[in-house]
Amino acid sequence: MLSRNAALPRIVIVGGGAGGLELATRLGRTLGAGHRAQVILVDGSPTHIWKPLLHEVATGALNTGEDEVNYFAHGYRNGYDFEFGYMQSLDQARRTIRLSAIHGRNGELLSPERDLDFDWLVMAVGAEANDFGTPGVGEHAMFLNTPADAEALRHRVLELAFRCSNGDEPGKSLNIAIVGGGATGVELAAELKHTMCELHQYGARLQPERVKISVIEGADRILAAAPESLSAYAEEQLGARQIQVLTNSLVAEVKADGVALKDGRTIPSDITVWAAGVKAPAWLARLDGLKTNRINQLQVDTQLRCEGADCIYAMGDCSAAPDGDSGRMLSATAQVAHQQARYLAEELTRRLEGKPAKAFVFKPQGMMVSLGKHSAVGSLAAVVGPKRDYHVEGRGAKLIYASLYRMHQAAVHGWTLAVLLFIGDKLRRAARPALKLH
Ligand SMILES: Cc1cc2nc3c(=O)[nH]c(=O)nc-3n(C[C@H](O)[C@H](O)[C@H](O)COP(=O)(O)OP(=O)(O)OC[C@H]3O[C@@H](n4cnc5c(N)ncnc54)[C@H](O)[C@@H]3O)c2cc1C
């Protein structure tokens with residue numbers, strides 16, 4: 001258990017994801033390193049991978065061993081402490097959270113359940129796909145919620161590709177169904193197709209045309225949250241890669257060998273990935289005195305404070321935050337989490353200094369969706385003005401897309417280290433296979 005310096009206020013951030021890690025880094029470097037507050041990051045995993053890259057982990061294009069950030073080491077360098085464990089519950093009156101016990105690989109107890117007290121608490125535990133209670137999803141579908149999910153999917157894809165390549169059914173195709181035509185589903189489909197082409201180049205006897213990938217979407221177009229021109233371009237690009245796009249297709253049930261649609265069709269599938277919808281973890285709805293919406297997100301005000309709890313904040317995918325201008329809820333994206341981290345770092349500092357609070361205002365920066373190794377599509381309408389439907393595509397868009405991860409690295413490591421990491425990545429990629437195959 002971390003020792004408490006009674007002279008310093010304690011800020012506890014739960015969840016070291018896209019938003020939480022950036023916040024811990026900013027506060028650690030300022031308040032933590034300046035001995036003005038004790039900053040503690042809590043996570044159930046000892047390492048961080050930027051979630052928008054999970055589709056690359058799932059296809060082996062990104063090696064987690066090389067890209068993950070260890071919280072203990074990162075905290076040491078950036079002025080915050082790391083506490084390893086999953087948050088389970090909250091006691092508002094005592095201002096404590098309870099963390100789960102930690103067990104080793106062989107099941108032995110490494111650390112018992114313990115309480116951690118706070119002066120200010122920031123909830124940043126993210127969200128997961130929403131199966132809307134669809135039968136068969138729990139039993140037969142895979143997910144892309146966590147790095148462990150992505151690794152499991154990578155192993156499954158490689159195993160089945162190997163079986164189709166070397167098994168006793170020559171010519172058998174590999175069917176992959178992705179439910180959800182949002183950014184996650186579209187990016188995964190394009191990346192999987194690219195991976196299969198690379199595998200074939202490496203000698204796998206599974207020709208890319210025998211890999212049949214379908215994206216199943218309930219709305220009338222994929223990327224439904226983006227401008228129509230962007231959806232049309234993405235659909236055309238997926239089509240050019242022989243990826244089947246099924247719109248207006250609602251899933252009735254996921255089965256072991258396919259996805260049954262409500263209109264009676266069945267899409268054959270050896271691997272089904274559920275990448276539709278979003279909901280926050282169910283345990284948030286049971287937290288002492290905090291209000292949640294119907295998808296378990298913590299309801300916050302314009303200063304990201306949880307309703308009815310002055311010293312508890314929530315940010316990122318686990319929060320339902322109103323957009324200052326429209327009053328609509330902000331979407332669950334890394335862009336929102338990043339801006340909220342920046343805002344909260346300033347807001348908590350203002351609060352510590354006794355200065356008046358300011359409201360969080362989201363500034364939309366557009367949207368980028370990767371379409372495999374060399375292509376992406378994005379809308380910059382939010383930047384150039386809503387009257388112009390300005391979209392970028394192809395290699396230029398891919399460069400902008402890739403720069404988003406570099407900006408996250410800069411926020412977490414500083415620009416110098418981010419540049420060194422970029423050079424290191426280029427050298428590694430030149431020396432090693434493009435895919436992690438084991
Ligand atoms: C494949 C994919 C592609 C995406 N592409 C994009 C994109 O192109 N652009 C974009 O803007 N967004 C994208 N997103 C969405 C984006 O990843 C999320 O909006 C963003 O990561 C949310 O950040 P967060 O900090 O709220 O949560 P997360 O990044 O999900 O982090 C949550 C953290 O909380 C930890 N945690 C969870 N439960 C507990 C607990 N009980 N106790 C302690 N710690 C806990 C987790 O280990 C994790 O570290 C994508 C998502 C996926 C899956």
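Colleague: Why does Leu223 count as buried?

Modeller: Buried is defined as under 20% relative accessible area, exposed as over 50% and partly exposed as in between, with a 1.4 Å probe and protein chains only. Leu223 has 2% relative accessibility, so Leu223 counts as buried. This is a predicted model, in which local features need pLDDT of at least 70, side-chain atom pairs count only at pLDDT 80 or more, and totals for chains, interfaces and linings use all residues. Residues are numbered from 1 along each chain as its sequence is written, and side-chain values use heavy atoms, with hydrogens and water left out.

Colleague: Where does Leu223 lie, and what is its phi?

Modeller: Leu223 is in the loop between strand S14 (211–216) and helix H8 (228–240). Its phi is positive, about 45 degrees, although Leu223 is not a glycine. Helices (H or I, at least four residues) and strands (E, at least two) are DSSP runs, numbered from the N terminus.

Colleague: Is His35 buried or exposed?

Modeller: His35 counts as exposed because its relative accessibility is 63%. His35 is in the loop between H1 and S2, and its phi, near 55 degrees, is also a positive value in a residue other than glycine.

Colleague: What makes Glu108 partly exposed?

Modeller: Its relative accessible area is 41%, so Glu108 is partly exposed. Glu108 lies in the loop between strand S8 (102–103) and strand S9 (109–111). Leaving aside residues up to four places away in sequence, Glu108 touches Ile102 and His103, where contact means heavy atoms within 4.5 Å.

Colleague: Why are H6 and H7 called oblique to each other?

Modeller: Angles under 35 degrees count as roughly parallel, over 145 as roughly antiparallel, 65 to 115 as roughly perpendicular and the rest as oblique. The axes of H6 (residues 147–166) and H7 (residues 183–201) cross at roughly 40 degrees and come within 12 Å, so H6 and H7 are oblique. On the H6 side the contact involves Leu153, Val157, Leu158 and Ala161, and on the H7 side Leu188, Leu192, Met196 and Leu199. By class, these are 8 nonpolar, no polar and no charged residues.

Colleague: Why does Gln38 count as buried, and which side chain does it contact?

Modeller: Gln38 has 10% relative accessibility and therefore counts as buried. Gln38 is in strand S2 (residues 38–43). Its side chain makes a polar contact with the side chain of Asp81 at 3.2 Å. A polar contact is a pair of N or O atoms within 3.5 Å; within protein, one must be able to donate a hydrogen and the other to accept it, and residues adjacent in sequence count only if both atoms are side-chain atoms.

Terms used:
Axes fitted to C-alpha atoms, helices over the stretch in contact; angles between N-to-C directions. Nonpolar A, V, L, I, M, F, W, Y, C, P; charged D, E, K, R; others polar.
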